[in-house]
Amino acid sequence: MTDRLSELQATGVAIWLDDLSRVRLSSGGLDQLRRESHVAGVTTNPTIFAKALADADEYNWQLHDLAIRGVQVEEAVRLLTTYDVRWACDVMRPSYDASAGVDGRVSIEVDPRLAHETDRTVAEAKSLWWLVDRPNLFIKIPATEAGLPAITATLAEGISVNVTLIFGLDRYSQVMEAFLAGLEQAKANGHDLSKIGSVASFFVSRVDTEVDKRLEKIGSDQAKALRGKAAVANARLAYERYCEVFGSARWQQLAEAGAHPQRPLWASTSTKNPDYRDVIYVEELIAPGTVNTMPEAVIHAYADHGETRDDTVTGGYDEARKVFTDLEAVGVDMADVIDTLEREGVEKFEASWRELLDGVRKSLEAAAQGSGQPRRAAKGNAQAAAQAGGNA
């Protein structure tokens, strides 16, 4: 039987899971994906946590304890989410060790309401870093204008960073500059660069969703022929910039000091349009030194019918540039597309964070009003406690 995920991994693509929940942890599902489906990392975001806490009762015992202690809702959210991420870090530790710290990473995002506040973002990043207290943690910081100096400052502290919500090429170049500056400062501060990791999460499917909407509105045959092409073209040109930056003399100096490159991570890879192949954003973005973070459904779809070809990116630069030229010709303003996606991306995560806060607030109130000890999750709490106290 063909192991398509193994074939994908062999091309230099790291397979990460875009999901996390306490049910997935306590059931052993995450560890099973690591062992059987070549999953080598985990990404989370406020939307994922809001859904996880709304859908499961395995948080009840912890919510009960937090309610008895009178913990405020924002602190409760941090304690609930960092508990899960710490546990996931321990589950993924074998991948971290086997890859010398490149993979086996688990991401947790700073409060998205801080996306436009540099100093508070850095403070939040440092707080999450010591709360989780695992070397294979990534702190997710959005690639807003205020986020860029926060990325540099956080890396300079020796803290590993997943830069999220990257949509455009110019912003991606700024992200790589922030990464290089951060490592240079970390080196000057005496940090071991080999221990610092980073990925740049370049969003994919959302680009097609926004561009296709505009192409449908334009309505011409030329416009409709461009549907489903912008996202892959955008990502391929991002990889071209990645190769340029990480082939530079400036990077080479950092590499000689033990630094790992900031890998491009293809995010938002589930297909939103049912007319498109369900694994298109995996098959069309195969390139060495990349990460593809997928929902579990996409991982299983690729395992079932994905087609692995060696490097589907670097040979497509000219074609990608033509897509951008053609989009401009039919009246799609890509600069406005990127601005819209960044603004909406932050807004969506802020909305999910508010939903998370509201859900936890209601759960704390219900737990405080309840009597006696709540039903503990039937499986995994003893394991969770052991994992949460594991070696860093």
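Modeller: The largest pocket has 28 lining residues. Asp18, Asn45, Arg206, Ser268 and Lys272 are the ones that lie nearest its centre. Keep in mind that this is a predicted model.

Colleague: What makes a residue part of the lining of the largest pocket?

Modeller: A lining residue has an atom within 4 Å of a pocket point. Asp18 and Asn45 are among the residues that line the largest pocket, so each has such an atom. The volume of this pocket is about 530 Å³.

Colleague: Which elements give two or more residues to that lining?

Modeller: They are helix 4, strand 5 (161-166), strand 6 (198-203), helix 10 (205-218), strand 7 (263-267) and helix 17 (334-369). Helix 17 gives the most, with 5 residues. By class, the lining has 7 nonpolar, 12 polar and 9 charged residues.

Colleague: What lies nearest the centre of the second largest pocket?

Modeller: Gly168, Leu169, Asp170, Ala335 and Ile338 do, out of 13 lining residues. Its volume is about 280 Å³. Helix 17 supplies the largest share here too, 5 residues.

Colleague: What makes a space a cavity and not a pocket?

Modeller: A cavity is a space where a 1.4 Å probe fits but cannot get out, whereas a pocket is open. The structure holds 1 cavity of 30 Å³ or more.

Colleague: Which elements supply at least two residues each to the lining of the largest cavity?

Modeller: Helix 4 (46-55), helix 6 (73-98), strand 3 (105-109) and helix 7 (118-132) do. From strand 3, Ile108 and Glu109 are in the lining. Trp353 is another lining residue.

Colleague: Why do strand 2 and strand 3 count as a pair?

Modeller: Pairing needs at least two bridges. Strand 2 (residues 39-42) and strand 3 have 2 bridges, so they pair. They run parallel, and glycine 41 stands opposite arginine 105.

Colleague: How many bridges join strand 3 to strand 4?

Modeller: There are 4, and these strands run parallel. Glutamate 109 stands opposite lysine 140. Between strand 3 and strand 4 the chain passes through helix 7, in a right-handed β-α-β crossover.

Colleague: Why is serine 26 called buried?

Modeller: Serine 26 has 3% relative accessibility, and the cut-off is under 20%, so serine 26 is buried. Serine 26 belongs to helix 2 (residues 22-26).

Colleague: What makes the meeting of serine 26 and glutamate 58 a polar contact?

Modeller: The limit for a pair of N or O atoms is within 3.5 Å, with one able to donate a hydrogen and the other to accept it. The two side chains come to 2.7 Å, so the distance passes. The serine 26 side chain also reaches the backbone oxygen of valine 23, at 3.4 Å. That distance passes as well, because the limit is 3.5 Å.

Notes. Residues numbered from 1 in each chain as written. Predicted model: local features only at pLDDT ≥ 70, side-chain atom pairs only at ≥ 80, totals over all residues. Heavy atoms only, no water. 1 Å grid on protein atoms, 1.4 Å probe; cavity = no way out; pocket = protein on both sides within 12 Å on 5 of 7 lines; lining within 4 Å. Points joined across faces, edges and corners; volume = space filled by probe spheres on them. Right-handed = clockwise from strand over helix to strand, strands pointing away. Nonpolar A, V, L, I, M, F, W, Y, C, P; charged D, E, K, R; others polar. Buried < 20%, exposed > 50% of the residue type's maximum accessible area, 1.4 Å probe, protein only.
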